[in-house]
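Please prepare a short briefing on the structure below, for a reader who has not seen it before.

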Amino acid sequence: MHCSISSRLGKEAILAMNEQILAMNEQKNINVTQMLEMHSELTDAQKTAMKQVLSDEEYAASIGDDNIASYSFFGFDDEARIGLEEIQEHNSDQRKFILTRRQKKLIEAASVIQDVSANDAKTIVYYPPYLSKTTLPFRKTDEMTFKRTNGSIEMSIVAHPDYGLPYGIVARRLLVYLVSYAIKNKANAIPVVSIRDLLRELGMDTGGHNSSLVYDMLKRLAGSTLFITGNDKEGEEININRCGIIETVSINKSRKLNSGNHVTLDPKFYELCCISASPIDNRVIEQLTAPLEFDLYVFLLVRLISVKKLTRIKWEDFIGQFGSSNKTAKSAKQEIKAAIEHVKIVQPKMKVSYDNDIVILKPSVSAIKTRKGRYATRVKVES
């Protein structure tokens with residue numbers, strides 16, 4: 001195999017890179033952990049050359065009519081697949097299959113995340129309990145009530161008629177920021193200098209559109225009431241009625257912290273978060289731009305650590321839990337499959353797969369270390 005790289009890399013660098021490429025070429029069943037470990041050892045210049053190799057159609061063996069490649073070189077376990085983008089070369093009838101820009105970005109991020117744990121990188125953040133088992137709406141809706149179920153747990157969100165339901169990736173990231181700050185600082189009042197500063201905390205552009213979007217989402221969260229019923233894993237009944245999310249939003253034009261700008265979480269919601277919020281890796285959620293991908297990552301991170309044996313979930317139940325922007329079961333299934341594969345690229349140790357009838361969960365090692373193996377945070381609520 002030949003690969004053009006800058007001559008300034010030197011003979012040793014060229015040999016090192018070729019060894020990596022040849023090893024990958026020979027091990028058609030290499031798993032994603034091995035691939036990422038090898039990839040992380042390359043220099044930036046070698047990685048650039050590597051991308052050219054990743055785009056080579058030689059590695060896209062077993063391409064189906066739907067442009068889906070079976071794992072092989074791309075490094076997943078026996079049940080995973082990855083969709084490739086088909087392109088036609090300029091001034092040529094020849095076609096080849098390449099990794100999409102999104103897939104390459106996720107692989108690059110995964111190589112960094114694999115090297116340093118969330119605990120060591122200090123990138124652990126928190127997501128509210130129950131919302132990790134159910135979900136928020138994916139996009140804006142005129143409905144005033146939203147309901148999701150997960151096993152015996154049922155959650156309903158009732159919106160304020162003037163604001164509507166919270167939705168999308170912004171609502172989810174707002175919850176991560178607010179809940180994480182509250183837990184880490186043991187206080188349900190989160191200081192907010194301004195909407196622009198809040199946008200920076202969320203990693204968003206500070207333009208006017210985003211300012212309006214975040215403020216609108218704060219109002220939607222403040223106007224929403226949660227109703228949660230069912231049984232927890234110990235079989236005890238859960239009955240949480242009229243639990244708010246945000247109690248108050250007080251943000252004025254002053255940029256001084258002592259001016260009183262703050263967002264206050266509902267006391268009951270804050271207490272629930274302190275008892276059993278879900279720790280997640282902020283580096284991962286930064287890579288997951290779609291609400292469905294975010295929800296799947298949080299659910300799988302929480303769920304897989306409690307799986308003791310192979311668990312099968314019917315597709316109709318899985319679709320019912322997560323929902324979809326598609327109207328048909330077939331298109332919903334395809335959307336969820338694609339989201340699962342994106343999550344698995346950046347979190348390769350998650351053992352989740354599927355066939356035409358079921359989603360399969362297998363016991364997995366958590367990517368986040370937790371005390372005594374318990375996947376929960378316990379924080380004393382200040383009186």
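S211 lies in helix 8, residues 208–222, where helices (H or I, at least four residues) and strands (E, at least two) are DSSP runs numbered from the N terminus. This is a predicted model, in which local features need pLDDT of at least 70 and side-chain atom pairs count only at pLDDT 80 or more, while totals for chains, interfaces and linings use all residues. Residues are numbered from 1 along each chain as its sequence is written, and side-chain values use heavy atoms, with hydrogens and water left out.

**S211 and its surroundings**
- S211 is buried because its relative accessible area is 17%, and buried means under 20% relative accessible area, exposed over 50% and partly exposed in between (1.4 Å probe, protein chains only).
- Leaving aside neighbours within four places in sequence, S211 is in contact with I195, L199 and T206, contact meaning heavy atoms within 4.5 Å.

**The protein overall**
- The protein has 13 helices and 16 strands, and 49% of its 383 residues count as buried.
- Of the contacts between residues at least 6 apart in sequence, 64% join residues that are at least 24 apart.
- The protein exposes about 19,600 Å², of which carbon and sulfur atoms supply 47%; accessible areas come from the Shrake-Rupley method with a 1.4 Å probe, and for residues only the protein chains shown count as cover.

- I246 is placed in strand 11, residues 246–250, and counts as buried because its relative accessibility is 3%.
- Not counting residues up to four places away in sequence, I246 touches L178, L218, L221, A222, V263, T264, L265 and D266.
- I246 and T225 are 21 residues apart in sequence, and their C-alpha atoms are 9.2 Å apart in space.
- N231 lies in strand 9, residues 225–231, and with a relative accessibility of 35% N231 counts as partly exposed.
- The C-alpha atoms of N231 and G151 are separated by 8.9 Å, although these residues are 80 apart along the chain.

**Positive phi in two loops**
- K122, in the loop between helix 5 and strand 5 (124–127), has a phi near 55°, a positive value in a residue other than glycine, and K122 is exposed, with a relative accessible area of 72%.
- Y130, in the loop between strand 5 and strand 6 (145–150), has a positive phi of about 70° although Y130 is not a glycine, and Y130 is buried, with a relative accessible area of 14%.

**Helix 4**
- The 15 residues of helix 4 (101–115) should span 21 Å at 1.5 Å a residue, which agrees with the 22 Å between its end C-alpha atoms; the expected span is 1.5 Å times one less than the number of residues.
- The buried residues of helix 4 include Q103, L106, I107, A109, A110, S111 and I113.

**The second largest pocket**
- The second largest pocket has a volume of about 380 Å³.
- On a 1 Å grid over the protein atoms alone, a pocket is an open set of points where a 1.4 Å probe fits, with protein on both sides within 12 Å along at least five of seven lines, and lining residues have an atom within 4 Å of a point.
- The second largest pocket is lined by 25 residues, of which Q114, K349, S366, A367 and I368 lie nearest its centre.
- Helix 2 (32–40), helix 4, helix 5 (118–121) and helix 11 (291–304) are the elements that give two or more residues to this lining.

Note on methods: Points joined across faces, edges and corners; volume = space filled by probe spheres on them.
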